[in-house]
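My notes follow in the order I looked things up.

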Amino acid sequence: MSSQTDLETDAERLSSAPTEQDGPSGIGVLGWLRWTWRQLTSMRVALILLFLLSLAAIPGSLIPQNSHNAFKVQTWKAAHPTVTPVYQKLQLFDVYSSAWFSAIYILLFVSLAGCIIPRTWQFVGVLRAKPPAAPKNLTRMPVYAAWHTGAGHQAVNAAAYAQLKRRGFRAHLSGGAVAAEKGYLREVGNLAFHLSLFALLAGFAWASLASGEGGKLVIEKQGYSNTATQLDDFTGSAFYGLNDLDPFGFKLDGFTAKYATSGPQAGSARQFTAHIRYWTGSDTGKLTKGDIEVNHPLEIGGSKVFLIGHGYAPVVTVKNAKGEKVYSGPTAFLPQDANLTSTGVLKVNDYGEKDGQKTQLGFNGYFLPTAPESFEKTGPVSLFPDAADPMLVLTAYAGDLGTDSGLPQNVYQLDTKHLTQLTQDGNPARARLKPGQAWTLPDGYGTLTFEGYQQWASFTVSHRPGNAVALLGAVAAILGLIGSLFVQRRRVWVRASAGPDGRTLVEVAGLARSESARIAEELAEIAVDLQDDAPAVDDDPSDHPARTAQDSKE
């Protein structure tokens, strides 16, 4: 029993992990605090906290978050009025900034820090110290071998020291024996894993505290400047707001979209590329060409510009009854299906007066990149996403658009509360226009001409400074984990002692952190190589039998 206990103690010394205790180490508050700290900084608790953190992040993926899409949150609340108060009390609409999520995150930080610091300090002490001296009785080691030789014991010890050094062991010759140790990369891997996990969490924390994201839809031949007034939407953080936007801008020169034209995947996208020219800082005259593709963002300054959407913008010209141009230009329509059937509205705010009253026009309709010959069977839907046979389908309204009320409006929706639908021949005024065709509006409201179309692209401008740190941390954690799993920490001792018969007894023993055939194989290789300098002589096997790990167990 004593021999087994000694082996377990020696094996434990091969690890630099802090010793865990099952209960308080003292009496009173101080003892309980010390015990609580040791539990918190143990690897078991760190893994539990990491598991809890992954569970805590699940609601943030399933429930809309205010930080990402406040409008979607409001829609969700309206659809689920019963559970909304409960979700609000649990902070489920702000999971990543909630008190309970932050508590788990902070505890995990503290646990990792409390685990890394003492473990690192202890490992540094192990590296600075010499390998442990050989035990008095090497036969107690799990792997053991011995033989007699005619070589001198000092020469054998010197040869063993040189051989172990060649094999990459840290070796020390003292007291008539050689002590060697190897496999420090195991503990290096453990520490690298812990440090990398700490860096990974720090990177995520940095990204959440100092990141921002905004969206912008840009039509061909138009530009964008990364300022608060030009963003369609923006989500900031505690240390990154509208005043911290990186100074840059770009112009969308063109957009290339290619689709599969045959086979089962006909209509699926093959290429989406936005061709831009961008500038950084305040020098808008110095432009650099660049392309932005899906999953291939363009990094400008400290931000990345992602391509997230594409569509069409019909170019329309509206003239009033006097022939004056009151509306002209492209208007973005939003896709509704895979074939880019798009809906949108045209708001003619400056139409002027009609019958002595200020009048505004509104048009609601569809843009079909590839229109069918008839709507009888399909309705107003596109047959293909590319603009092979474009058509603009519009319905006309007149009255008050409500844009002068000062209240915000959705540019993609038409409020018909104060509008009257125009009629033509007793039916609602509708038109189907091909590029170049004009529509004479009823009741003398003038004309509308479908000039053609331009393409648009929507972009997300993202500033996330902690992503690189988190990525490096994840890669380093994997490498550290590989090292800790596949590198074995082991110790080897070689003792050559002179016997009373004039021969030298050579003993070789090994110890590993965990049972493995590798230590026995390595010890056998060392013994065989050492035979060149200490050849075995005939001996009675009963005197000093060679033992293996299996013999020791028996």
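Before reading off any helix pair, I note that axes are lines fitted to C-alpha atoms, for helices over the stretch in contact, and that angles run from 0 to 180 degrees between N-to-C directions. The model is predicted.

Entry 1, helix pair. I looked up helix 9 (residues 184–209) against helix 10 (residues 467–486) and found their axes 7 Å apart, at an angle of about 160°. Helix 9 is therefore roughly antiparallel to helix 10, since angles over 145 degrees count as such. The crossing of helix 9 with helix 10 is left-handed. I then sorted the residues of this contact by class and got 15 nonpolar, nine polar and one charged.

I located Gly365 in strand 15, which covers residues 357–368. Is Gly365 buried or exposed? Its relative accessible area is 6%, and because the cut-off for buried is under 20%, I logged Gly365 as buried. Beyond four places in sequence, I listed its contacts as Phe333, Ser342, Thr343, Gly344, Val393 and Leu394. For Thr343 I also took the C-alpha to C-alpha distance to Gly365, which is 5.9 Å across a sequence separation of 22 residues.

The protein chain has a mean pLDDT of 85, with 90% of its residues at 70 or more. Strand 21 (residues 438–440) has the highest confidence, at 96, and helix 12 (residues 549–553) the lowest, at a mean of 42. Over residues 541–554 pLDDT stays under 50, and I noted 21 contacts beyond four places in sequence for that stretch in the model.

Methods
Residues are numbered from 1 along each chain as its sequence is written. This is a predicted model: local features need pLDDT of at least 70, side-chain atom pairs count only at pLDDT 80 or more; totals for chains, interfaces and linings use all residues. Side-chain values use heavy atoms; hydrogens and water are left out. pLDDT is the predictor's confidence in each residue, from 0 to 100. Helices (H or I, at least four residues) and strands (E, at least two) are DSSP runs, numbered from the N terminus. Contact means heavy atoms within 4.5 Å. Buried means under 20% relative accessible area, exposed over 50%, partly exposed in between (1.4 Å probe, protein chains only). Angles under 35 degrees count as roughly parallel, over 145 as roughly antiparallel, 65 to 115 as roughly perpendicular and the rest as oblique. A crossing is left-handed if the near helix is turned anticlockwise from the far one by less than a right angle, and right-handed if clockwise. Ala, Val, Leu, Ile, Met, Phe, Trp, Tyr, Cys and Pro count as nonpolar, Asp, Glu, Lys and Arg as charged, and the others, Gly among them, as polar.
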